[in-house]
Amino acid sequence: MPTRPKISSKENPFTKRREPLHFLLWLGIVSSVLIFTVILGIYIVRKVGPSWNNTPLPGVFWLSTVVIILSSISLHEAKDAFYKERFALYRTCLSITLFLGMAFVGMQGYGWLQMTEQGIIMQDNPSAGFVYVLTGLHVLHILGGLIFMGFLFREATKNRSYIDSFVYSVNPPNQLKVSLMTIYWHFVDVLWLYLFLFLLYHHSN
(Lines give C-alpha, C1' and ligand atoms only; values in the text may rest on other atoms or scores of the structure.)
Protein backbone atom coordinates (compact mmCIF):
# COMPACT_ATOMS: atom_id res chain seq x y z
CA MET A 1 0.00 0.00 0.00
CA PRO A 2 1.53 3.27 -1.04
CA THR A 3 2.27 5.67 1.75
CA ARG A 4 0.90 9.18 1.79
CA PRO A 5 3.55 11.71 0.90
CA LYS A 6 4.54 13.93 3.75
CA ILE A 7 3.48 17.51 3.51
CA SER A 8 5.89 19.96 5.02
CA SER A 9 4.27 22.00 7.76
CA LYS A 10 6.97 24.62 7.58
CA GLU A 11 5.44 27.95 6.66
CA ASN A 12 6.89 30.32 4.18
CA PRO A 13 8.31 33.17 6.29
CA PHE A 14 7.14 35.70 3.70
CA THR A 15 3.54 34.50 3.56
CA LYS A 16 2.77 33.27 7.08
CA ARG A 17 0.32 35.28 9.14
CA ARG A 18 1.89 37.83 11.48
CA GLU A 19 0.56 38.71 14.89
CA PRO A 20 -0.49 42.38 14.50
CA LEU A 21 0.25 43.36 18.10
CA HIS A 22 3.70 41.81 17.85
CA PHE A 23 4.30 43.81 14.69
CA LEU A 24 3.04 47.03 16.30
CA LEU A 25 5.31 46.52 19.31
CA TRP A 26 8.39 46.07 17.15
CA LEU A 27 7.33 49.03 15.02
CA GLY A 28 7.13 51.11 18.20
CA ILE A 29 10.53 49.86 19.34
CA VAL A 30 12.13 50.73 16.01
CA SER A 31 10.49 54.19 16.13
CA SER A 32 11.85 54.77 19.65
CA VAL A 33 15.33 53.69 18.59
CA LEU A 34 15.21 56.15 15.67
CA ILE A 35 14.09 58.99 17.95
CA PHE A 36 16.87 58.35 20.45
CA THR A 37 19.39 57.93 17.62
CA VAL A 38 18.48 61.35 16.23
CA ILE A 39 18.76 62.98 19.67
CA LEU A 40 22.13 61.33 20.33
CA GLY A 41 23.34 62.43 16.90
CA ILE A 42 22.36 66.02 17.70
CA TYR A 43 24.11 65.62 21.06
CA ILE A 44 27.39 64.62 19.41
CA VAL A 45 27.20 67.52 16.93
CA ARG A 46 26.26 70.05 19.62
CA LYS A 47 29.01 68.89 22.00
CA VAL A 48 31.74 70.40 19.84
CA GLY A 49 29.93 73.75 19.78
CA PRO A 50 30.32 76.73 22.14
CA SER A 51 29.00 77.03 25.71
CA TRP A 52 29.25 73.30 26.36
CA ASN A 53 30.20 72.15 29.87
CA ASN A 54 30.00 68.48 30.77
CA THR A 55 27.32 67.86 33.37
CA PRO A 56 28.19 65.44 36.19
CA LEU A 57 25.65 62.63 36.34
CA PRO A 58 23.87 62.12 39.68
CA GLY A 59 25.29 59.20 41.66
CA VAL A 60 21.78 57.77 42.06
CA PHE A 61 21.80 56.94 38.33
CA TRP A 62 24.25 54.14 39.14
CA LEU A 63 21.82 52.67 41.63
CA SER A 64 18.88 53.06 39.25
CA THR A 65 20.87 51.12 36.65
CA VAL A 66 21.24 48.19 39.03
CA VAL A 67 17.53 48.41 39.87
CA ILE A 68 16.36 48.26 36.25
CA ILE A 69 18.64 45.30 35.52
CA LEU A 70 17.14 43.47 38.51
CA SER A 71 13.64 44.32 37.26
CA SER A 72 14.43 42.76 33.89
CA ILE A 73 15.63 39.60 35.63
CA SER A 74 12.53 39.41 37.83
CA LEU A 75 10.23 39.84 34.83
CA HIS A 76 12.08 37.07 33.00
CA GLU A 77 11.48 34.85 36.04
CA ALA A 78 7.83 35.88 36.07
CA LYS A 79 7.37 34.88 32.44
CA ASP A 80 9.15 31.57 33.06
CA ALA A 81 6.90 30.86 36.06
CA PHE A 82 3.81 31.78 34.03
CA TYR A 83 4.55 29.16 31.38
CA LYS A 84 5.54 26.54 33.95
CA GLU A 85 2.21 27.02 35.78
CA ARG A 86 3.91 28.30 38.94
CA PHE A 87 1.36 31.02 39.37
CA ALA A 88 2.21 32.10 42.93
CA LEU A 89 5.80 32.70 41.82
CA TYR A 90 4.51 34.51 38.74
CA ARG A 91 2.52 36.95 40.90
CA THR A 92 5.46 37.44 43.24
CA CYS A 93 7.98 38.14 40.49
CA LEU A 94 5.54 40.42 38.70
CA SER A 95 4.97 42.44 41.88
CA ILE A 96 8.75 42.69 42.40
CA THR A 97 9.16 43.97 38.84
CA LEU A 98 6.46 46.57 39.41
CA PHE A 99 8.11 47.73 42.61
CA LEU A 100 11.55 47.93 41.01
CA GLY A 101 10.14 49.81 38.01
CA MET A 102 8.52 52.39 40.28
CA ALA A 103 11.73 52.60 42.31
CA PHE A 104 13.64 53.32 39.10
CA VAL A 105 11.30 56.20 38.25
CA GLY A 106 11.65 57.56 41.78
CA MET A 107 15.45 57.41 41.56
CA GLN A 108 15.45 59.24 38.25
CA GLY A 109 13.28 61.94 39.78
CA TYR A 110 15.64 62.19 42.73
CA GLY A 111 18.56 62.50 40.33
CA TRP A 112 16.84 65.42 38.58
CA LEU A 113 16.21 67.03 41.97
CA GLN A 114 19.89 66.71 42.85
CA MET A 115 20.82 68.39 39.56
CA THR A 116 18.47 71.30 40.06
CA GLU A 117 19.67 71.80 43.66
CA GLN A 118 23.21 72.06 42.28
CA GLY A 119 22.05 74.73 39.85
CA ILE A 120 22.28 72.43 36.82
CA ILE A 121 19.36 73.54 34.66
CA MET A 122 18.55 73.25 30.98
CA GLN A 123 18.72 76.96 30.18
CA ASP A 124 22.30 77.45 31.36
CA ASN A 125 24.00 74.44 29.79
CA PRO A 126 23.00 72.43 26.71
CA SER A 127 24.76 69.42 28.22
CA ALA A 128 22.30 69.44 31.13
CA GLY A 129 19.42 69.87 28.69
CA PHE A 130 20.35 66.67 26.89
CA VAL A 131 20.57 64.77 30.19
CA TYR A 132 17.06 65.91 31.15
CA VAL A 133 15.61 65.20 27.71
CA LEU A 134 17.16 61.76 27.27
CA THR A 135 16.42 60.50 30.78
CA GLY A 136 12.96 62.08 30.80
CA LEU A 137 11.99 60.49 27.49
CA HIS A 138 13.21 57.14 28.79
CA VAL A 139 11.13 57.53 31.96
CA LEU A 140 8.06 58.05 29.77
CA HIS A 141 8.80 54.67 28.18
CA ILE A 142 9.11 53.14 31.65
CA LEU A 143 5.80 54.65 32.78
CA GLY A 144 4.05 53.18 29.74
CA GLY A 145 5.43 49.76 30.62
CA LEU A 146 4.41 50.12 34.26
CA ILE A 147 0.83 50.94 33.30
CA PHE A 148 0.53 47.81 31.16
CA MET A 149 2.30 45.75 33.80
CA GLY A 150 -0.18 47.03 36.36
CA PHE A 151 -3.03 45.60 34.27
CA LEU A 152 -1.23 42.26 34.11
CA PHE A 153 -0.73 42.26 37.87
CA ARG A 154 -4.40 43.08 38.49
CA GLU A 155 -5.46 40.19 36.26
CA ALA A 156 -3.00 37.89 38.05
CA THR A 157 -4.39 38.79 41.47
CA LYS A 158 -7.98 38.30 40.26
CA ASN A 159 -7.15 34.69 39.30
CA ARG A 160 -5.66 33.43 42.55
CA SER A 161 -6.91 29.84 42.47
CA TYR A 162 -4.91 27.32 40.48
CA ILE A 163 -7.84 26.53 38.16
CA ASP A 164 -8.53 30.18 37.38
CA SER A 165 -4.83 30.85 36.87
CA PHE A 166 -4.46 27.82 34.60
CA VAL A 167 -7.46 28.81 32.46
CA TYR A 168 -6.04 32.31 32.21
CA SER A 169 -2.55 31.06 31.30
CA VAL A 170 -3.66 28.79 28.42
CA ASN A 171 -5.58 31.62 26.76
CA PRO A 172 -3.44 32.70 23.75
CA PRO A 173 -4.26 36.44 24.10
CA ASN A 174 -3.09 36.32 27.72
CA GLN A 175 0.09 34.51 26.72
CA LEU A 176 0.65 37.21 24.13
CA LYS A 177 0.26 39.95 26.77
CA VAL A 178 2.98 38.40 28.94
CA SER A 179 5.26 37.90 25.94
CA LEU A 180 4.84 41.46 24.67
CA MET A 181 5.36 42.91 28.14
CA THR A 182 8.60 40.96 28.55
CA ILE A 183 9.94 42.06 25.17
CA TYR A 184 9.10 45.70 25.85
CA TRP A 185 10.59 45.71 29.33
CA HIS A 186 13.83 44.12 28.17
CA PHE A 187 13.95 46.81 25.47
CA VAL A 188 13.65 49.71 27.93
CA ASP A 189 16.27 47.98 30.12
CA VAL A 190 18.79 47.73 27.27
CA LEU A 191 17.88 51.25 26.16
CA TRP A 192 18.72 52.67 29.58
CA LEU A 193 22.01 50.77 29.75
CA TYR A 194 23.01 52.25 26.40
CA LEU A 195 21.93 55.79 27.36
CA PHE A 196 23.66 55.62 30.74
CA LEU A 197 26.93 54.35 29.26
CA PHE A 198 26.72 56.93 26.48
CA LEU A 199 26.22 59.81 28.92
CA LEU A 200 28.80 58.42 31.31
CA TYR A 201 31.42 58.27 28.56
CA HIS A 202 30.70 61.67 27.04
CA HIS A 203 30.34 63.48 30.35
CA SER A 204 33.66 62.19 31.60
CA ASN A 205 35.61 63.28 28.52
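**Whole chain**

Start with everything shown; remember that this is a predicted model. The protein has six helices and zero strands. Read along the sequence, the order is α-α-α-α-α-α. Now colour by burial: of the 205 residues, 42% are buried. Switch to a surface. Draw the contacts next. Among those with a sequence separation of 6 or more, 84% join residues 24 or more positions apart.

**Annotated spans**

Keep two of them on screen. Residues 21–45 are 100% helix and 0% strand, with 36 Å between the end C-alpha atoms. Residues 88–110 are also 100% helix and 0% strand. Their end C-alpha atoms lie 33 Å apart.

**α1 against α4**

Select α1, residues 20–47, together with α4, residues 126–158. Which way do they run relative to each other, parallel or antiparallel? Their axes are 11 Å apart and the packing angle is about 170°. Angles over 145 degrees count as roughly antiparallel, so α1 is roughly antiparallel to α4.

Show side chains at this contact. From α1, pick S32, I35, F36, I39, L40, I42, Y43 and R46. From α4, pick P126, F130, V133, L134, L137, H138 and H141. By class, the residues of this contact are eleven nonpolar, three polar and one charged.

**α1 against α6**

α6 covers residues 172–202. The axes of α1 and α6 come within 11 Å and cross at roughly 5°. Angles under 35 degrees count as roughly parallel, so α1 is roughly parallel to α6.

Now select the α1 side of the contact: L21, H22, L25, W26, I29, S32, V33, F36, L40, Y43, I44 and K47. On the α6 side, take L176, S179, L180, I183, Y184, F187, L191, Y194, L195, F198, L199 and H202. The contact of α1 with α6 divides into 19 nonpolar residues, four polar and one charged.

**N174**

Stay in α6 and centre on N174. Is N174 buried or exposed? The relative accessible area of N174 is 8%. The cut-off for buried is under 20%, so N174 is buried. Leaving out residues up to four places away in sequence, N174 touches F82, E155 and Y168.

**W62**

Move to α2, residues 60–83, and select W62. W62 has 51% relative accessibility, so it counts as exposed, the cut-off being over 50%. Show F196 and L200 as well: W62 touches both, not counting residues up to four places away in sequence.

**E85**

Finish in the loop between α2 and α3, where E85 lies. α3 itself spans 87–117.

Methods:
Residues numbered from 1 in each chain as written. Predicted model: local features only at pLDDT ≥ 70, side-chain atom pairs only at ≥ 80, totals over all residues. Heavy atoms only, no water. Axes fitted to C-alpha atoms, helices over the stretch in contact; angles between N-to-C directions. Helix = DSSP H or I, 4+ residues; strand = E, 2+ residues; numbered from the N terminus. Parallel < 35°, antiparallel > 145°, perpendicular 65-115°, else oblique. Contact = heavy atoms within 4.5 Å. Nonpolar A, V, L, I, M, F, W, Y, C, P; charged D, E, K, R; others polar. Buried < 20%, exposed > 50% of the residue type's maximum accessible area, 1.4 Å probe, protein only.
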